[in-house]
Amino acid sequence: MTHTADATAAAEAMFAADRASRGLGIELLEQGEGTAVLRMTVTSAMVNGHGIAHGGYVFLLADSAFACACNSHGPVTVAAGADIAFVAPAHEGDTLVARAEERVRYGRSGVYDVTVRRGDEVVAEFRGRSRSIGTTRPKESA
């Protein structure tokens, strides 16, 4: 298995166990070393009292992309912190795509940027800080 194949397997395994993201219809489109692309369609249950997508769902999509990217290296890695800037509202029926990219890893920590788009329009910019907790995932039995 190549290093890139290992990254793909680690992200896929982590996402397969992520019932919260999959339960909202989030799909893992691409993954690689320090990168991931996820997609979600805004449903009526995700719309707030202003008629726009609740920011928590946009954050969750970005956070899930961040999780796939930072867990692509093997050891279990969690968020040490994150923030988001909401740039444009999303609406029911919009398809959002989150692209996560690793900026730097140092020791057990890392920094990742995620851009959430609706087509070509930026909806949100997210920055996550990761921390490896030093364990590895159990291998799936055949």
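Predicted model: local features only at pLDDT ≥ 70, side-chain atom pairs only at ≥ 80, totals over all residues.
## Starting point: what counts as buried

A residue is called buried here when its relative accessible area is under 20%, exposed when it is over 50%, and partly exposed in between, using a 1.4 Å probe on protein chains only.

Residues are numbered from 1 along each chain as its sequence is written, and side-chain values use heavy atoms, with hydrogens and water left out.

## The overall fold

The protein chain contains 3 helices and 6 strands; these are DSSP runs numbered from the N terminus, with helices (H or I) of at least four residues and strands (E) of at least two. Reading from the N terminus, the order is α-α-β-β-α-β-β-β-β.

Of the chain's 142 residues, 40% count as buried. Contacts (heavy atoms within 4.5 Å) also say something about how the chain comes together: of those with a separation of 6 or more, 63% are between residues 24 or more positions apart.

How many disulfides does the structure hold? The count is 0, a disulfide being a pair of cysteine sulfur atoms within 2.5 Å. Cys68 has its closest cysteine sulfur in Cys70, and at 8.6 Å this is too far for a bond. Cys70 is likewise in no disulfide, with the sulfur of Cys68 as its nearest.

Cys68 is buried, with a relative accessible area of 0%.

## Strands 4 and 5

Strand 4 covers residues 95-106, and it pairs with strand 5 in the antiparallel sense over 9 bridges; two strands pair if DSSP finds at least two bridges between them. Within this pairing, Val104 sits opposite Val111 of strand 5. The hairpin formed by strand 4 and strand 5 has 2 residues between the strands, and Gly107 there adopts a positive phi near 60°.

Is strand 5 mostly covered or mostly open? Strand 5, residues 109-118, is mostly covered, with 9 of its 10 residues buried.

## Asp18 in its loop

Asp18 belongs to the loop between helix 1 (3-16) and helix 2 (19-23). Although Asp18 is buried, it has no salt bridge, and the nearest side chain of opposite charge is that of Arg22, 6.5 Å away.

What does lie by the Asp18 side chain is backbone: one of its polar atoms is 3.3 Å from the backbone nitrogen of Ala20.

## Salt bridges

Side chains of opposite charge can pair when their charged atoms come close. The cut-off used here is a side-chain nitrogen of Lys or Arg within 4 Å of a carboxyl oxygen of Asp or Glu, and a search of the whole structure turns up 9 such salt bridges. One of them joins Glu30 and Arg99, at 3.9 Å from N to O. Glu30 is in strand 1 (residues 27-32) and Arg99 in strand 4, so this pair ties together parts that are 69 residues apart in sequence. Both partners are partly exposed, Glu30 at 42% and Arg99 at 39%.

Another salt bridge connects Arg129 with Asp83, whose closest N and O atoms are 3.5 Å apart. This pair links distant parts of the chain, with Arg129 in strand 6 (residues 121-136) and Asp83 in strand 3, 46 residues apart. Arg129 is partly exposed at 35% relative accessibility, and Asp83 is partly exposed at 42%. Arg118 and Glu121 form a further bridge, with closest N and O atoms 2.6 Å apart; Glu121 is partly exposed, at 39%. Elsewhere, salt bridges that share partners join Glu101, Arg103, Asp113 and Arg127 into one network.

## Ala79 and its neighbours

Ala79 is part of strand 3, residues 75-86, and at 46% relative accessibility it is partly exposed. Leaving out residues up to four places away in sequence, Ala79 touches Phe66 and Arg129.

Note on methods: Lys, Arg positive; Asp, Glu negative; His and termini not counted. Polar contact = N/O pair within 3.5 Å; in protein donor to acceptor, adjacent residues only side chain to side chain.
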